[in-house]
Amino acid sequence: MIFTAEDGNMRIVVVADTHRDYYMLKEVVEDNLDADAFIHLGDGENELRDMEQLFPHKMFYFVQGNRDYASKAKVTDILNLGGKKILITHGHHYDVRETMDNLVNTAKHNDVDIALYGHTHLYSYSCIDGIYVMNPGSLHAPRGRRYRSYGTIDISGDDVAINIIEIKR
């Protein structure tokens, strides 16, 4: 299923590595109630499930992280949102701390437009071999002297805009 907002534009909020920080995730969701979908890239299944209960009218997607013990969620998934194929994963099975090659090769093999991952707690985004690649950072424990952060993806037709939002407090 390809989900597209009624006006043809779509906003997706992407978070990762909340590590039981329920209040920070709730704040991000509340600040982005105009978003069409929310994607959590792992290490925060419990608080994501709480958001699904609090905001049942919103679309939430989740993949299992290396700290989501006993989770039955997928490790990697491919979504069709806004007319784009989006690969979502926590990243630990792709060795994202060492290289982007495994993730990008999987994305290319599956004709993916956007590849999203977490795990490193370091936000980044780039375009590699025509694939948008983003890590939204961490809402709980950012690394590398960075702020807590999350990402947004705005899709309008063929146009894709990716942003990282730092939470400076």
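Relative accessible area is used here to class residues as buried (under 20%), exposed (over 50%) or partly exposed (in between), with a 1.4 Å probe and protein chains only. The structure is a predicted model, in which local features need pLDDT of at least 70 and side-chain atom pairs count only at pLDDT 80 or more, whereas totals for chains, interfaces and linings use all residues. Residues are numbered from 1 along each chain as its sequence is written, and side-chain values use heavy atoms, with hydrogens and water left out. Helices (H or I, at least four residues) and strands (E, at least two) are DSSP runs numbered from the N terminus.

Most residues other than glycine have a negative phi. Arg-145, in the loop between strand 8 and strand 9 (148-156), counts as exposed because its relative accessibility is 87%. His-119, in the loop between strand 6 (114-116) and strand 7, counts as buried because its relative accessibility is 10%.

His-119 is also among the residues touched by Asp-17, where contact means heavy atoms within 4.5 Å. Asp-17 itself lies in the loop between strand 1 (9-15) and helix 1 (22-31), and its other contacts, not counting residues up to four places away in sequence, include His-40, Asp-43, His-90, Ser-138 and His-140. The side chains of Asp-17 and His-121 are joined by a polar contact of 3.2 Å (a pair of N or O atoms within 3.5 Å; within protein, one must be able to donate a hydrogen and the other to accept it, and residues adjacent in sequence count only if both atoms are side-chain atoms). Asp-17 is buried yet has no salt bridge, the nearest side chain of opposite charge being that of Arg-143, 7.0 Å away; in this assignment Lys and Arg count as positive and Asp and Glu as negative, while His and the chain ends are not counted.

Across the whole structure, 8 salt bridges were found, each defined as a side-chain nitrogen of Lys or Arg within 4 Å of a carboxyl oxygen of Asp or Glu. Within helix 1, Lys-26 and Glu-30 lie 4 residues apart, about one turn of the helix, and form a salt bridge whose closest N and O atoms are 2.8 Å apart. Both partners are partly exposed, Lys-26 at 23% relative accessibility and Glu-30 at 37%. In helix 2 (residues 45-54), Arg-49 and Glu-52 are separated by about one helical turn because they are 3 residues apart, and their side chains meet in a salt bridge of 3.1 Å, N to O. A further salt bridge, of 3.0 Å from N to O, pairs Asp-129 with Lys-108. Asp-129 lies in the loop between strand 7 (124-128) and strand 8 (131-135) and Lys-108 in helix 3 (residues 101-109), so this pair ties together parts that are 21 residues apart in sequence. Salt bridges that share partners also join Glu-45, Arg-49 and Glu-52 into one network.

The structure holds 1 cavity of 30 Å³ or more. About 40 Å³ of space lies in the largest cavity, a cavity being a set of points, on a 1 Å grid over the protein atoms alone, where a 1.4 Å probe fits but cannot get out. Grid points are joined across faces, edges and corners, and a volume is the space filled by probe spheres set on the points. Among the residues lining the largest cavity, each with an atom within 4 Å of a point, are Val-13, Leu-25, Phe-38, His-40 and Phe-60. Strand 1, helix 1 and strand 2 (37-40) are the elements that give two or more residues to this lining.

Technical notes: 1 Å grid on protein atoms, 1.4 Å probe; cavity = no way out; pocket = protein on both sides within 12 Å on 5 of 7 lines; lining within 4 Å.
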